[in-house]
Amino acid sequence: MRKGFLTFAAVGLLATGSMAACGDNGGSSDNQAGGSNDKKPKIGVILPDSKSSARWEGADRKFLKEAFDAAGVESDIQNAQGDKSAFQTIADQMITSGVTALMIVNLDSGTGKAVLDKAKSQGIATIDYDRLTLGGSAQYYVSFDNEAVGKLQGEGLSKCLSDKGAKNPAIAYLNGSPTDNNATLFKNGYDSVLKPKFDSKEYTKVADDSVPDWDNAQAATIFEQQLTKANGKIDGVLAANDGLGNAAISVLKKNKLNGKVPVTGQDATPQGLQNILAGDQCMTVYKAIKKEADAASELAIAVAKGEKKDTGQTVKDPEGGRDVPAVLLEPKAIYKENVKDVVTDGFVTKDELCTGAYAKLCADAGIS
């Protein structure tokens, strides 16, 4: 991933380039530009599921729709609910309905590529949102710096182990889905921090497993097997997101190890933040979804109208070998002492977070 990128904090930070070619006779723009000036702009968005993370329905859908509505641009946002056939069917329906831009969060690169290629063949502008489709043809990619996310997780686990005074800790990995390129990038990031510690024997890696489809139930089963195989000796868990982290915590609770074994996460979900406040999870990575959604919606609105954009940066598609114009945002590490930052930012509300027994924990953490 190319470094030295710009940080996109809000809408309005993309530079407008040349308009897509379009004659006065209403001819279509070329496939690379997508959209056309004589067609009413319409944006299709396909979200992946609602099971792997609460963010897709709880944040992304809301923020994207708000932005499209504010711009007066018609949109159709649907969720494939983890079903690859449904994903393709939704895409076909959107293409038939006349979308001029299609933004997807792929379920896997194969399915995503087929959808993107079909849209491209119809002259529709395409955007990969949050996940890069390997070997795909998306004109743009909007996400966070996912290797930086993983690096924060690795640094977070190391910090939490150090705070506990752990000596030669045994570490288990619960990686994300093997079909999600983001999971690979997260792992690259945390490996960059933890592998030198494994190589020097400062830490010992006792398990390294990926969780199919980010499925939390499978994650709990996998972690239970990891713990059994390690004879109950796991001192730290690098969990790739809050859902996987909570799955590990559920097993640790059964074994009366919660709070003793640091667990990482990602997404700053209400559940993940509650686990941090309770001392069962050591950290999460906050990705300001509104900033991501705002950057993506600004881009989608422009290309749906037939415009081209200069993002000022690219990422390399390792499978397709091309440089994809990209918008990348900075993630932030969240520990107990700065959980309130996520609430202050409006990503999670106090009412969501500070329920029941968590009310006092919120107060103690300065969340008011």
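Hi everyone, let me start with Glu202, which is partly exposed, with a relative accessible area of 40%. Its salt-bridge partner is Lys197, and the closest N and O atoms of the two sit 3.7 Å apart. Lys197 itself is buried, at a relative accessible area of 18%. One thing to keep in mind as we go: this is a predicted model.

Now, how many salt bridges does a search of the whole structure find? The count comes to 25. Side chains of opposite charge can pair when their charged atoms come close. I'll walk you through a few more.

Next up, Asp267 and Lys287, whose side chains meet in a salt bridge at 3.6 Å, N to O. This pair links distant parts of the chain, 20 residues apart. Asp267 lies in the loop between helix H7 (242–254) and helix H8 (270–278), while Lys287 lies in the loop between strand E10 (284–286) and helix H9 (289–304). Are these two buried or exposed? Asp267 counts as buried, at 8% relative accessibility, and Lys287 is buried too, at 3%. Buried here means under 20%.

On to Glu74 and Lys40, a salt bridge with its closest N and O atoms 3.9 Å apart. Glu74 is partly exposed at 35%, whereas Lys40 is exposed at 62%.

Last one, and it goes beyond a pair: Arg55, Asp60, Asp130 and Glu292 are linked in a network of salt bridges.

Methods:
Residues numbered from 1 in each chain as written. Predicted model: local features only at pLDDT ≥ 70, side-chain atom pairs only at ≥ 80, totals over all residues. Heavy atoms only, no water. Salt bridge = Lys/Arg side-chain N within 4 Å of Asp/Glu carboxyl O. Buried < 20%, exposed > 50% of the residue type's maximum accessible area, 1.4 Å probe, protein only. Helix = DSSP H or I, 4+ residues; strand = E, 2+ residues; numbered from the N terminus.
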